[in-house]
Amino acid sequence: MSAILDILASASFWAAALRIATPLMFGVLGALICERSGVLNLGIEGIFTAGAMAGWLAVHLGADLWTGVLAAALTGAVFGLLLALLTVPLGLSQHVAGIGVTLLATSLAYFTYRVVLPTASTPPRIEPFGPVRLPVLSDLPFLGPALFSQTPLTFLALTLFGLVAFVLYRTPLGLAIRAAGENPAAVEAQGLDVHLVRIGAVVTGSAVMALGGAFLTMSAFNAFFFEMTGGRGWICIALTVFASWRPGKALLGAILFGAFDAFQLRLQHEVAGAVPSQVFLMLPYLLSIAALCLVARRADYPKALMIPYVKGQR
Amino acid sequence: MSSKNLLHRRAVLQGTAAIGALSIFGGAFAQGAGRQIKVAAIYTVPVEQQWVSRIHKALNGARDRGEVSYKFSENVANNDYERVMRQYAEEGSDLVVGEIFGVERQARRVAAAYPKVAFLMGSSFGPSKPNLAVFDNFIQEPSYLTGMVAGKTTKSNLIGMVGGYAIPEVNRLMHAFMDGARSVNPNVKFLVTFINSWYDPPKAKEAAFAMIDKGADILYAERFGVSDAAKEKGVKVIGNVIDTSSQYPGTVLASALWHMEPTIERAVTAVKEGRFEAADYGQFSHMQYGGASLAVDEKLVPADVVRLVREKEKEITDGLFRVNVNDAEPKAG
């Protein structure tokens, strides 16, 4: 018991939780923007991979780190536009189109990698983002090393949460996005183009998702590997439900998942050998399912989620 | 950089095409002693993967020496494996190399259907008559030696090990490493984490950070990412299968390296001479045959430890000492 408290009381644990949570923060925020406008984006896993590849490759080819981040976001936006065209004006199945975008984006990322680096024996490394030192804040006892020793992308993710929450709840644009996901006819009645709102939301959301991938290759690590996304995108889809489509809860969910994962890595060493390692690997997912069961009963689905809008149709 | 690589690849392709044309026009001519055999390889992971990169390197070497023509398929899903095997066999490959850990039964069935083609496959099981030979990364000997280095060098007596999956190919090297460390330091303790992925460096890195937090001062780097965490936190690592010491200067104490060249050379020669048969090539990954070796950074490891390890190495190559092979999942403690 005291060992568990020791883990929770260590600054390095919270720092790890935030690090693990960062790609999920971008992912869940991106998914939330898409779904709030009524489009389920199952292209997320592929967009993660493409973002991870594009950001890293841009830096490897000589761009600076922030240009790399921009390259990742643009790559995400392009795949988002493809998904939006398929699902919004064409009104195709969002499940099928999403999985299709995931397969396409993943394969294209691998293909591009191999074309650019046909004979690489190990992927070339880049100089990734390092932790930033914030004046005063980084020097705080406990909180300094726990919360303020992160790389710029983590702070970018936290800022984006604030920004998205503000836009969604405090601006006419946010109202239009939310209405497009709840009652698109009302948006139409306001004289706004539902398709344009949805396309815009999906493109923006996909750009944000891609940053989650970019974090993996430009901050958490310094090279791109095939399959390194490892299902993080799918976790974000579940986290969106957990968050009941609210940015605040989404942030909480991402950090909670990061904390579960950081916790199991440390707990393993306390009960060394007594429990099979697979149990620990399962733990973050198990706890997520439990959390989902508790909150999903009250989950507040956007009413028009996955329903294509056809002008004039009743 | 990139365009150069592309050019290089094109040059290789043209070279291969030219050789192909030559063999069409001078078929009888090419049948002489220096006949170039056609090798195809099928990998379930990209060629960057540590394990597969060793096979790829050996085959590229054979191609560069002009002994074989070499083509490969990477990232082949297990449920596609059978089809790709058949395709290469139908195309007239002389030797098909690969890894069939996930498709043992199917691969053996395919091999039996093409008795004229030689198959050399990484496998946890034995060979299948008449034409499927097996190999595996039996480099437990240098792993034992790196364990001795770690056991002698650790100050906290706590060593962290991060692995991909707990499969025999990983487990046996971890056990040999632990045995080696315990043989020189009875007080040494181990932390073990499997991340259940071959390719998740950020995850491997987090697992390594957790071990460093717990007090580990040497990490056994089975996956990419572990050495990065070690370098960041200023602890040391033991490398495995590939040599990464140039990427992490001052961090890698020692590495147990795998060399596929002896295995590939023997298989290619056997095919050339028409005497390839279903055999277990596993032993050619032993130190005695040059299939495994130990790399020690003598700037980081004290001279008396290096001497001790080199003595044990001699015992192994002389056949006086045998490292135990234990395929069970290693436990912490």
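Trainee: How many residues of chain B are in contact with chain A?

Mentor: Good place to start, and keep in mind that this is a predicted model. On the chain A side of the contact there are 29 residues. Facing them, the number from chain B is 33.

Trainee: Which element of chain B gives the most to the side that touches chain A?

Mentor: Three elements of chain B each give two or more residues to that side: helix 1 (2-25), strand 7 (189-194) and helix 8 (201-214). The top contributor gives ten residues, and that element is helix 8 of chain B.

Trainee: And by class, how many nonpolar residues does the side of chain B that touches chain A have?

Mentor: Let's go through the classes. That side has ten polar and ten charged residues. The nonpolar residues there number 13.

Trainee: Where in chain B does pLDDT stay under 50, with eight contacts beyond four places in sequence?

Mentor: Chain B as a whole has a mean pLDDT of 89, with 90% of its residues at 70 or more. Residues 1-7 of chain B are also below 50, but that stretch has six contacts beyond near neighbours in sequence. The stretch with eight contacts is residues 9-33 of chain B.

Trainee: Turning to chain A, how far apart are the end C-alpha atoms of residues 65-88?

Mentor: The unreviewed UniProt entry lists 65-88 among the spans it calls "transmembrane region". In the model this span is 96% helix and 0% strand. Its end C-alpha atoms are separated by 34 Å.

Trainee: Is A:Ser244 buried, exposed or partly exposed?

Mentor: A:Ser244 sits in the loop between helix 11 (232-242) and helix 12 (247-270) of chain A, and has a positive phi of about 55° although it is not a glycine. A residue needs 20 or more other C-beta atoms within 10 Å to be buried, and 12 or fewer to be exposed. A:Ser244 has 16 such neighbours, so it counts as partly exposed.

Trainee: Is B:Val241 buried or exposed?

Mentor: B:Val241 belongs to strand 9 (residues 236-241) of chain B. Its phi is near 75°, a positive value in a residue other than glycine. Because 23 other C-beta atoms lie within 10 Å, B:Val241 is buried.

Trainee: Which residues does a cis peptide bond join, with omega about 5°?

Mentor: Most peptide bonds are trans. For this one, look in the loop between strand 4 (118-122) and strand 5 (132-135) of chain B, where B:Pro130 is placed. The cis bond joins B:Lys129 and B:Pro130.

Definitions and conventions
Residues are numbered from 1 along each chain as its sequence is written. Chains are lettered from A and ligands numbered from 1 in the order in which they are written. This is a predicted model: local features need pLDDT of at least 70, side-chain atom pairs count only at pLDDT 80 or more; totals for chains, interfaces and linings use all residues. UniProt positions are given in the numbering used here, feature names are shortened, and annotations may be inferred rather than shown by experiment. Helices (H or I, at least four residues) and strands (E, at least two) are DSSP runs, numbered from the N terminus. Two residues are in contact if their C-beta atoms, placed from the backbone, lie within 7 Å. Ala, Val, Leu, Ile, Met, Phe, Trp, Tyr, Cys and Pro count as nonpolar, Asp, Glu, Lys and Arg as charged, and the others, Gly among them, as polar. pLDDT is the predictor's confidence in each residue, from 0 to 100.
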